[in-house]
Amino acid sequence: MSDTLNGKPPTSYWIVAGFFLLWNFLGLMIYYDQVTMTPEVIAENFSPAQQAFLQNMPVWATSAYAIAVTAGVIAAALLFARMALAVPVFVVSLVGVLVQDLNSFVLSDGLEVWGTSALYLPTLVLLICIIEIWYSQSAKTKGWLS
């Protein structure tokens, strides 16, 4: 009997869900590292323009970052637990990413400060957010989530 017919996800589901969980935990760790950097660490590792960018990030943008990574971890854990709530929580994560990117690339001079290479990771994050939503919605449609 096919895994799809009895509502049980295939092995690939567990691999993808595990990847999403690891990816989002990595994002949470990067967020934590960024918000706990001391002024000395910032001064040692970043140019004056980058220091100003980091130190002048609005609270709402930092909050959006926190929401994006926290919702991503929760959504991935929900997906791993086969819960349909993963779908809207992945959407919350995407909204957090978009709000953070709005600050970094539209309202601030992120490209000027960090250079065009600063687009690589945010583009990858955005793409993975979209894939997470698509995959979790697909899993829900197939009956793998309850």
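Helix H1 (residues 11-35) packs against helix H7 (residues 120-141) at an angle of about 140°, the two axes lying 12 Å apart; axes are lines fitted to C-alpha atoms over the stretch in contact, and angles run from 0 to 180 degrees between N-to-C directions. The model is predicted, with local features requiring pLDDT of at least 70 and side-chain atom pairs counted only at pLDDT 80 or more, whereas totals for chains, interfaces and linings use all residues. Residues are numbered from 1 along each chain as its sequence is written, and side-chain values use heavy atoms, without hydrogens and water. Helices are DSSP runs (H or I, at least four residues) numbered from the N terminus.

Contact (heavy atoms within 4.5 Å) between H1 and H7 involves, among others, Tyr13, Phe20 and Trp23 of H1 and Leu124, Ile128 and Tyr135 of H7.

H1 also packs against helix H4 (residues 59-80), at about 155° and with axes 8 Å apart. H1 and H4 are therefore roughly antiparallel to each other, a class assigned to angles over 145 degrees.

The largest nonpolar core comprises 22 residues, of which Tyr13, Phe20, Leu79, Phe90, Tyr135 and Leu145 touch the most other members. Such a core is a set of buried Ala, Val, Leu, Ile, Met, Phe, Trp, Tyr and Cys residues joined through side-chain atoms within 4.5 Å, buried being under 20% relative accessible area (1.4 Å probe, protein chains only). H1, H4, helix H5 (86-107) and H7 each supply at least two residues of this core, and the largest share, six residues, comes from H4. Leaving aside residues up to four places away in sequence, Tyr13 touches Leu79, Phe80, Arg82, Tyr135, Ala139, Trp144 and Leu145.

Note on methods: Parallel < 35°, antiparallel > 145°, perpendicular 65-115°, else oblique. Buried < 20%, exposed > 50% of the residue type's maximum accessible area, 1.4 Å probe, protein only.
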